[in-house]
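These are my notebook entries on one structure.

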Amino acid sequence: MLEGVKVLVTGATGQVARPIAEQLNGPCEVWAAARFSDAAAKEELESQGINTVFYSLEESELSHLPEVDYVIHCGCNTDPKTPEQGLLQNAEGPGFLMQRYRDVKAFFHMSSSSVYALAGDPSAAISEDAQLGGFASYSPHYAMSKQSAEAVVRFQARALNLPAIIARLDVAYGSHGHGGAPMALVEFMKHGIPYQRSEQGDSFCSPIHEDDIVAQVQGLLMHASVPAQTVNLGGDEPVAMEQILAYIESLTGLKATVNSGPQATWQMTVLDNNKRKKLAGPCRVQWQDGIQRALRARYPELLN
């Protein structure tokens, strides 16, 4: 685990990066980097003793960023409106960030499991050498931009001799940001929005709680290398979104409207986590416990 070092965390107001910044604060000197369009989030981070610094994914001149020992790059545009915007922010962005931090001990890049082409069997675990060419149904240009970003990070790791590691994150969830897909299901039920189940069957994924993400990121960062390694980052228990939906119903009394169609609301993937376990150990938060914890933090009034 990181201790006694300076760490820059990008995208630090977001769902994935904010828990990392908050939990590293104390053992480490944390610099939270973001645009801070939400002034309240900036104040909340600073009230905990976390340093803040403005950072935009489109910037190429980054000399204003502080000197640190490690960089954890989670900042990204999850819904670029054009291919150009996706490439500029999500692919070129980490390239310039690595150029600025060519002398750090290690660089962590958060990628996405959306880069994988969908498997024929939705419950089959996908390893790091599986076919790429994915597509995110919620954003037509996202998966392409994340796959492009991986190529940039790989190149810069070799060109700069900068130890790096790329983690393909699956379904993240918890108390921060929008809470991830499991908490979006709560909003669906609250507002009567139907969930669409695929006509082919359930939509399986590898959900990972924010606390496990924080621990895994630190463990994986210790294995940054040249050339950069790529590793899956998902929970250890494959679960169907439909199972999560039913579990939330049992905890809250809310009822979901479910219809069917050619594609699920979220067409997910199950990750093979064997490589990640060898590098950073197992996850510790079981999915049922994680869902309960997220509900207690976000919707205490709904729990039975």
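How close do the axes of H7 and H9 come, and at what angle do they cross? I found that the axes come within 11 Å and cross at roughly 50°. That makes H7 oblique to H9; angles under 35 degrees count as roughly parallel, over 145 as roughly antiparallel, 65 to 115 as roughly perpendicular and the rest as oblique. Axes here are lines fitted to C-alpha atoms, for helices over the stretch in contact, with angles from 0 to 180 degrees between N-to-C directions. Helices (H or I, at least four residues) and strands (E, at least two) are DSSP runs numbered from the N terminus.

I noted two points on the source. This is a predicted model, where local features need pLDDT of at least 70 and side-chain atom pairs count only at pLDDT 80 or more, while totals for chains, interfaces and linings use all residues. Residues are numbered from 1 along each chain as its sequence is written, and side-chain values use heavy atoms, with hydrogens and water left out.

Entry: H7 and H9, continued.
From H7, the residues in the contact include Tyr247, Ile248 and Leu251, and from H9 they include Trp287, Ile291 and Leu295. Contact means heavy atoms within 4.5 Å.

Entry: H1 and H6.
I then looked up helix H1 (residues 17–24) and helix H6 (residues 210–221), whose axes come within 9 Å and cross at roughly 70°. H1 is therefore roughly perpendicular to H6. This crossing is right-handed. Pro19, Ile20, Gln23 and Leu24 make the contact from H1, and Val214 and Val217 are among the residues that make it from H6.

Entry: aromatic pairs.
How many aromatic pairs does a search of the whole structure find? I noted three. Rings of Phe, Tyr and Trp (its six-membered ring) pair if their centres lie within 6.5 Å; planes under 30 degrees apart count as stacked, over 60 as edge-to-face and the rest as tilted. Tyrosine 195 and tryptophan 266 form a tilted pair, 6.4 Å centre to centre with 35° between the planes. Tyrosine 195 is in strand S9 and tryptophan 266 in the loop between strands S14 and S15, so the pair ties together parts that are 71 residues apart in sequence. Both tyrosine 195 and tryptophan 266 are buried (under 20% relative accessible area; exposed is over 50%, partly exposed in between, with a 1.4 Å probe and protein chains only). Tyrosine 247 and tryptophan 287 form an edge-to-face pair, at 5.3 Å and 70°. Tyrosine 247 is in H7 and tryptophan 287 in H9, 40 residues apart. Tyrosine 247 counts as buried at 17% relative accessibility, and tryptophan 287 is buried at 11%. I also noted that ring pairs link Phe188, Tyr195 and Trp266 into a cluster.

Entry: serine 203.
Is serine 203 buried or exposed? I wrote down buried, because its relative accessible area is 2%. Serine 203 is in the loop between S9 and strand S10 (204–205). Not counting residues up to four places away in sequence, serine 203 touches several residues, including Tyr195, Val239 and Trp266.

Entry: leucine 65.
Leucine 65 is in the loop between strand S3 (51–54) and strand S4 (70–73). I recorded leucine 65 as buried, with a relative accessible area of 3%.

Conventions:
Left-handed = near helix turned anticlockwise from the far one by under 90°.
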